[in-house]
Amino acid sequence: MIGFHLSYGGTQEYFGIVPDLTTLGKIIGRGLPVGAYGGRRDIMEMVAPVGPMYQAGTLSGNPLALVASIETLKLIKEPRTYEYLDKVIGELVQGILKFGKRVGHSMCGFFFIEGLVCNFSDAKKSDLDKFTRFYQGMLEQGVYVSPSQFEAGFTSLAHTTEDIKMTLVVVERVMRQI
């Protein structure tokens with residue numbers, strides 16, 4: 001799900017995991033309809049034309065999506081890319097938690113809950129009504145966040161430090177209202 005958000009080699013590189021098979025969805029093509037997969041030689045040799053498994057799709061080899069994928073890979077390989085992403089997400093998350101705490105909200109990410117959220121059962125215990133008010137307040141102020149606290153939210157290289165500061169001004173305002 002988080003593809004390249006942690007490192008150029010994905011979460012598997014970040015956590016030191018050697019998978020049998022890796023799949024990447026639209027993150028590889030900046031949101032365009034594309035996917036990629038790769039894995040151990042013995043698995044990949046099962047795919048045609050070498051092996052008996054045929055793989056095809058309507059959008060396989062889509063030129064626009066493939067160019068976007070190549071350019072994405074070039075962009076995220078630039079020096080200090082991941083340091084920058086870590087910086088902006090850190091500023092955003094710490095700001096959200098700080099403003100939530102300042103006005104009396106117990107939070108774990110976008111979950112309005114006391115303590116950690118480690119699984120779906122924990123997540124279901126959070127205050128969904130409060131999240132709904134938070135989401136609506138953010139939207140009314142011109143900041144779009146995922147409409148469900150059960151969805152992931154990501155920053156990107158397009159988000160500037162100024163974007164994060166502006167977002168946190170809105171977060172503080174909305175936190176005070178809910």
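Q: In which element does Ser69 lie, and what makes it buried?
A: Ser69 lies in helix 3. Helices are DSSP runs of H or I with at least four residues, strands are runs of E with at least two, and both are numbered from the N terminus. Buried means under 20% relative accessible area, exposed means over 50%, and partly exposed is in between (1.4 Å probe, protein chains only). Ser69 has a relative accessible area of 7%, so it counts as buried.

Q: What do these values rest on?
A: This is a predicted model: local features need pLDDT of at least 70, side-chain atom pairs count only at pLDDT 80 or more, and totals for chains, interfaces and linings use all residues. Residues are numbered from 1 along each chain as its sequence is written, and side-chain values use heavy atoms, with hydrogens and water left out.

Q: Which residues does Ser69 touch?
A: Leaving out residues up to four places away in sequence, Ser69 touches Ile28, Gly29 and Val34. Contact here means heavy atoms within 4.5 Å.

Q: How many disulfides are there, and why is Cys108 in none?
A: The structure holds 0 disulfides. For Cys108 the nearest cysteine sulfur is that of Cys118, 7.4 Å away. Cys118 itself is exposed, at 63% relative accessible area.

Q: How do you know that the buried residues of helix 7 line one face?
A: Helix 7 buries Ile164, Thr167, Leu168, Val170, Val171, Val174 and Met175. Seen down the axis, the buried residues fall within an arc of 170°, so they line one face of helix 7. The arc is that of the directions from the helix axis to the C-beta atoms. The face turned away carries the exposed residues Glu162, Arg176 and Gln177.

Q: What span does helix 7 reach, and what is expected?
A: Helix 7 (residues 161-177) has 17 residues and reaches 25 Å from first C-alpha to last, close to the expected 24 Å. The expected span is 1.5 Å times one less than the number of residues.

Q: What does helix 7 pack against?
A: The buried residues of helix 7 pack against helix 4 (81-102), strand 3 (107-108), strand 4 (111-112) and helix 6 (128-140).

Q: What makes a set of residues a nonpolar core?
A: Its members are buried Ala, Val, Leu, Ile, Met, Phe, Trp, Tyr and Cys residues joined through side-chain atoms within 4.5 Å. The largest core has 19 residues; Ile96, Phe112, Phe134, Met138, Leu168, Val171 and Met175 touch the most other members. A second, separate core of 7 residues includes Phe4, Ile28, Val34 and Ala65.

Q: Why is the pair of Phe110 and Phe134 called tilted?
A: Rings of Phe, Tyr and Trp (its six-membered ring) pair if their centres lie within 6.5 Å; planes under 30 degrees apart count as stacked, over 60 as edge-to-face and the rest as tilted. Phe110 and Phe134 are 5.6 Å apart centre to centre, with 40° between the planes, so the pair is tilted. Phe110 is partly exposed at 25%, whereas Phe134 is buried at 0%.

Q: Why is the pair of Tyr135 and Tyr144 called edge-to-face?
A: The centres are 6.4 Å apart and the planes 80° apart, so the pair is edge-to-face. Tyr135 is buried at 15%, and Tyr144 is exposed at 58%.

Key
Disulfide = S-S within 2.5 Å.
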